[in-house]
Amino acid sequence: MALPVEDTRLRRQALAYVIELYDELTEENGAPTLGTQNQAVDFILADPELRRGVAEWAATVEIDEASVAPPRRLPQDELYWRVRAYMEEIMEQPVFASPGQVGH
């Protein structure tokens, strides 16, 4: 289903996107669990439109360098809404979530 591991650049771009989206969804500064990361990356890599969208997004940001610039929100395009919906389905609910925090 997923692309071969040899396409490491696109896989890194997809992972960076998943982490950024996770930060937005949870309002936490961190990465999702490995299972969630892998499932979401594979979801992106399995779809040509999502692969293209991630590559286009990655061309507009520096995913390999730290920055002191304020974080930019992800563009709310088709890529965003499709990956967000998928991640909301597969993410584990936080143990100490306040009511209405996740899945809104």
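**View 1. The whole chain, end to end.** Going along the sequence, the pattern reads α-α-α-α. That makes 4 helices and 0 strands, where helices (H or I, at least four residues) and strands (E, at least two) are DSSP runs numbered from the N terminus. Keep in mind that this is a predicted model, with local features needing pLDDT of at least 70 and side-chain atom pairs counting only at pLDDT 80 or more, while totals for chains, interfaces and linings use all residues. Residues are numbered from 1 along each chain as its sequence is written, and side-chain values use heavy atoms, with hydrogens and water left out.

**View 2. Helices H1 and H2 where they pack.** H1 covers residues 8-26 and H2 residues 34-45; their axes sit 9 Å apart at an angle of about 120°. Axes here are lines fitted to C-alpha atoms over the stretch in contact, and angles run from 0 to 180 degrees between N-to-C directions. The two helices are therefore oblique to each other, oblique being what is left after under 35 degrees (roughly parallel), over 145 (roughly antiparallel) and 65 to 115 (roughly perpendicular).

**View 3. Side chains between H1 and H2.** H1 brings Leu-10, Arg-11, Ala-14, Leu-15, Tyr-17 and Val-18 to the contact, and H2 answers with Gln-37, Ala-40, Val-41, Asp-42, Ile-44 and Leu-45. Contact means heavy atoms within 4.5 Å.

**View 4. Surface and interior.** Of the 104 residues, 32% are buried, meaning under 20% relative accessible area (1.4 Å probe, protein chains only).

Methods. Buried < 20%, exposed > 50% of the residue type's maximum accessible area, 1.4 Å probe, protein only.
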